[in-house]
Amino acid sequence: MLRGDNHEWFSHDNMSTTGFSWFMRHFLITLKPKMKAHAVGYVFTDWRQYPTIAPIIESVGFRLNNLVIWDKTHFGMGSFYRNQHELIAFFSNGAPPKPQRRDIPNIIKAKNVYVKERVHPTQKPFELLKPIIEISTKVGDVVLDPMCGSGASCVSAKQLGRKYIGIDISPKYVEVSKTQILKFGTPLTIFQSSCQTPNNHKKGND
Ligand SMILES: C[S@@+](CC[C@H](N)C(=O)[O-])C[C@H]1O[C@@H](n2cnc3c(N)ncnc32)[C@H](O)[C@@H]1O
């Protein structure tokens, strides 16, 4: 399911479309019973995976509500049409709640984190995560990021007065997240995940 030897599947499109589909369906099925009724969720993806991930979200029983575009405001890698955006599927566990802000369009402009400043290869900028958290939650609500990477969502949640739970399978990124959160003087709730990824998946474990 991985394209090369690099087991960081989230980096450089290293996971095949089939692998990503299997993994995300497995992940969302595990997540759904943990979510409250009307809780909202987001999957960050790209033009290649979106046609697959949208029906997977619905097949798990979630309601697909919108497609949000992250406009990075400048282009990056690529040759024919260099990449300037990412796609964010917005879904909910049942009907969505009332939005907490009404001034946010489905195109969010936010500069990517400078490569030299990144502590994770796919680190999201706070300027992208904060409006998403603000429109979706009230102060005191819990933001769960089950693949928190750099901990950017935890930091953003804390800065906005939300509680947060960050999970990552990689001990390295658990430490990175702790460090990032400590920089902002916040309490820690980071666990190491035991959920399988395709590269350690054994036949018959479905
Ligand atoms: C796309 S990155 C997330 C980046 C994050 N949004 C940020 O802003 O830094 C995906 C993360 O998921 C983690 N991961 C991969 N498989 C996982 C699993 N089965 N359970 C939990 N985390 C996992 C990886 O270690 C990686 O840090």
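Two residues are in contact here if their C-beta atoms, placed from the backbone, lie within 7 Å. Keep that in mind for the close-ups below. The structure is a predicted model, in which local features need pLDDT of at least 70, side-chain atom pairs count only at pLDDT 80 or more, and totals for chains, interfaces and linings use all residues. Residues are numbered from 1 along each chain as its sequence is written.

**View 1. Helix α3 and the elements it packs against.** Helices (H or I, at least four residues) and strands (E, at least two) are DSSP runs, numbered from the N terminus. The buried residues of helix α3 (residues 126-136) are Leu128, Leu129, Ile132, Ile133 and Ser136. They line one face of the helix, because they fall within an arc of 120° seen down the axis of α3; the arc is that of the directions from the helix axis to the C-beta atoms. Buried means that 20 or more other C-beta atoms lie within 10 Å of a residue's own; with 12 or fewer the residue is exposed, and in between it is partly exposed, with C-beta atoms placed from the backbone. What do these buried residues of α3 pack against? Their partners are the strands β1 (40-45), β2 (63-71), β4 (107-109) and β5 (142-145), together with helix α4 (152-159).

**View 2. The whole chain, for orientation.** Five helices and seven strands make up the secondary structure of the chain, and they follow one another as α-β-α-β-β-β-α-β-α-β-α-β. Of the 206 residues, 25% are buried. Among contacts with a separation of 6 or more, 61% join residues 24 or more positions apart.

View 3. Four strands are arranged in the order β1-β3-β2-β4, with mixed pairing; two strands pair if DSSP finds at least two bridges between them. β1 and β4 stand at the edges with a single partner strand each, so one side of each is left without a neighbour in the sheet. From one strand to the next, the twist averages 25°. Helix α2 (residues 50-59) packs on the sheet, touching β1, β2 and β3, and its direction makes about 10° with that of β3. For these angles, axes are lines fitted to C-alpha atoms, for helices over the stretch in contact, and values run from 0 to 180 degrees between N-to-C directions. Zoom in on β2 and β3 (residues 85-92) to find eight bridges in the antiparallel sense; the partner of Trp70 in β3 is Glu86.

**View 4. Two loop residues with positive phi.** Most residues other than glycine have a negative phi. His38, in the loop between α1 (17-31) and β1, has a phi near 75°. His38 is partly exposed, with 13 other C-beta atoms within 10 Å. Thr73, in the loop between β2 and β3, has a phi near 70°. Thr73 is exposed, with 11 other C-beta atoms within 10 Å.

**View 5. Gly161 and its contacts.** Look for Gly161 in the loop between α4 and β6 (163-168). Which residues does Gly161 touch, not counting those up to four places away in sequence? They are Val139 and Gly140. The C-alpha atoms of Gly161 and Val139 are separated by 5.3 Å, although the two are 22 residues apart along the chain. Gly161 is exposed, with 12 other C-beta atoms within 10 Å.
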